[in-house]
Amino acid sequence: MKKLFKFILNSIPRPLLIRLSYVARPIIALFLRGNTYTDPIDRKSFSKFLPYGYGKQRDNVLSPSTLSLERHRLLWLYLKNETDFFTTPAKMLHFAPEQAFYKRFRKLKHLDYTTTDLNSPLADVKADICNLPFEDDQYDVIFCNHVLEHIPDDTKAMREIFRVLKPGGMAILQIPQDLNRDSTFEDDSITDPNERAKIFGQYDHVRVYGKDYFKKLRSIGFKVDEVDYTQELSKEEVIKYCLAKGEILPVCYKS
């Protein structure tokens, strides 16, 4: 199964993969139903989760029902337990909307919800993150998760996010991060997809972020909370929800 999922991820274009997943998801969810693991997003339980990874496959991480990964489930728990995201009216911008969240956020009547991306079929507005077609100080909430590692000029992208975020607003800007690295590594000369996958972790990534990611966000102007939310959960919850311990949520605010 791991080889099959790796082949699918690396062979099918992502927009098509998103469309096909709507057909396959209910069938797989039915096949894997059980009581061992629970997806907190929809509260459905399974005997196991699916493997996932463009390069090295990680076992037991992809929820069969919502297609959430560890980072999605962790973010959901944080938003639900620690914020007023699900109750307070807000104007929201969501970059490259994840399937685990897209329809659920769209249904929240208190959100004025806009999605954006260059390629995703789920995007309301096709836009370049480095040149956004939005006015200054427009959004109360911005989600931009696992996008910046794809962007050659991530500094410009961060500045655009900061520009369109309202004063007092919140942005959550997750990235794949190696906390054993003090400094982010990038090399524009590496263009071969296989080499990128080997060095950066995925064929379409252009860098691997280190601990200095938070410093860079602060240099843009954000106030950054480095939230290790797994520390607030019990060991049993971490196992039950199939979370990756130690992942940091970069929760950013604009003064």
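A charge is taken to sit over an aromatic ring if NZ of Lys or CZ of Arg is within 6 Å of the ring centre and within 35 degrees of the ring normal. In this predicted model, the charged end of Lys-91 is placed in that way over the ring of Tyr-139, at 5.3 Å from its centre, and Lys-254 lies over the face of Phe-162, where the distance to the ring centre is 4.7 Å.

Of the contacts between residues at least 6 apart in sequence, 61% join residues at least 24 apart. The chain exposes about 12900 Å², of which 52% is supplied by carbon and sulfur atoms.

Because Trp-76 lies in helix H3 (residues 70–82) and Phe-101 in helix H4 (residues 99–106), the pair ties together parts that are 25 residues apart in sequence.

Both partners fall under the 20% limit of relative accessible area that defines a buried residue: Trp-76 counts as buried at 9% relative accessibility, and Phe-101 is buried with a relative accessible area of 0%. The two residues also belong to a cluster, in which ring pairs link Trp-76, Phe-85, Phe-86, Phe-101, Phe-105, Tyr-113 and Phe-143.

Conventions
Residues numbered from 1 in each chain as written. Predicted model: local features only at pLDDT ≥ 70, side-chain atom pairs only at ≥ 80, totals over all residues. Heavy atoms only, no water. Helix = DSSP H or I, 4+ residues; strand = E, 2+ residues; numbered from the N terminus. Buried < 20%, exposed > 50% of the residue type's maximum accessible area, 1.4 Å probe, protein only. Phe/Tyr/Trp six-rings, centres within 6.5 Å; stacked < 30°, edge-to-face > 60°. Contact = heavy atoms within 4.5 Å. Areas by Shrake-Rupley, 256 points an atom, 1.4 Å probe, with all protein chains shown as cover.
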